[in-house]
Amino acid sequence: QVQLVESGGGLVQAGGSLRLSCAASGRTFTNYRMGWFRQAPGKEREFVAHISRSGANTYYADSVKGRFTISRVNAKNTMYLQMNSLKPEDTAVYYCAANPRLYGPFKGDYWGQGTQVTVSS
C-alpha cells in the first residue's frame, strides 16, 4: 500500500498563505488519484480538493474554490495544496488521501497522519 506524509502546516494570520505537501512512498504514485480533506474541532472530516492521476483534472469544494490550488509533481511523488486568502474557518487538521480507482467519487483509501493549519483572525 502507499504511505503518505503531510507537511507544511502551521499558524498564519487571516489573509495569509500556506503550502501543504504530501509525500508518497511504497507504490507507484501515478496509480492513485490524490486529494485533501480537513477536519475542524467538533466537525466531521470534509472534502477539500482532489486531482487526477496525471494532474490534468482538479476538483474543489465550493468553500475553497478560487483560494486553494491542488497540484502534483509525479516525478517527485508529491502532491501540494497552495492555500491563499486563508480564513479562520479554514482552521483544521488537513489530511492527504490516495484513491486507486480511476473514476467515481473521491474517497480516501489511504491516509496520512494529518497536519494542523491554524488561521488567526
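Reader: Exposed means over 50% relative accessible area, buried under 20%, and partly exposed in between (1.4 Å probe, protein chains only). Is D62 buried or exposed?
Author: D62 counts as exposed because its relative accessibility is 66%. The model is a predicted one, where local features need pLDDT of at least 70 and side-chain atom pairs pLDDT 80 or more, while totals for chains, interfaces and linings use all residues. Residues are numbered from 1 along each chain as its sequence is written, and side-chain values use heavy atoms, without hydrogens and water.

Reader: Which side chain does D62 meet in a salt bridge?
Author: D62 pairs with K65 at 3.1 Å, N to O. A salt bridge here is a side-chain nitrogen of Lys or Arg within 4 Å of a carboxyl oxygen of Asp or Glu. The count by this rule is five.

Reader: And R67, what does it pair with?
Author: R67 forms a salt bridge with D90, at 2.7 Å from N to O. R67 lies in the loop between β6 (58-60) and β7 (68-73), and D90 in the loop between β8 (78-83) and β9 (92-99), so the pair ties together parts 23 residues apart in sequence. Strands are DSSP runs of E, at least two residues, numbered from the N terminus.

Reader: Changing topic, which residue does D109 bridge to?
Author: D109 bridges to R101, with the closest N and O atoms 2.9 Å apart. D109 is partly exposed because its relative accessibility is 33%; R101, at 40%, is also partly exposed.

Notes
Helices (H or I, at least four residues) and strands (E, at least two) are DSSP runs, numbered from the N terminus.
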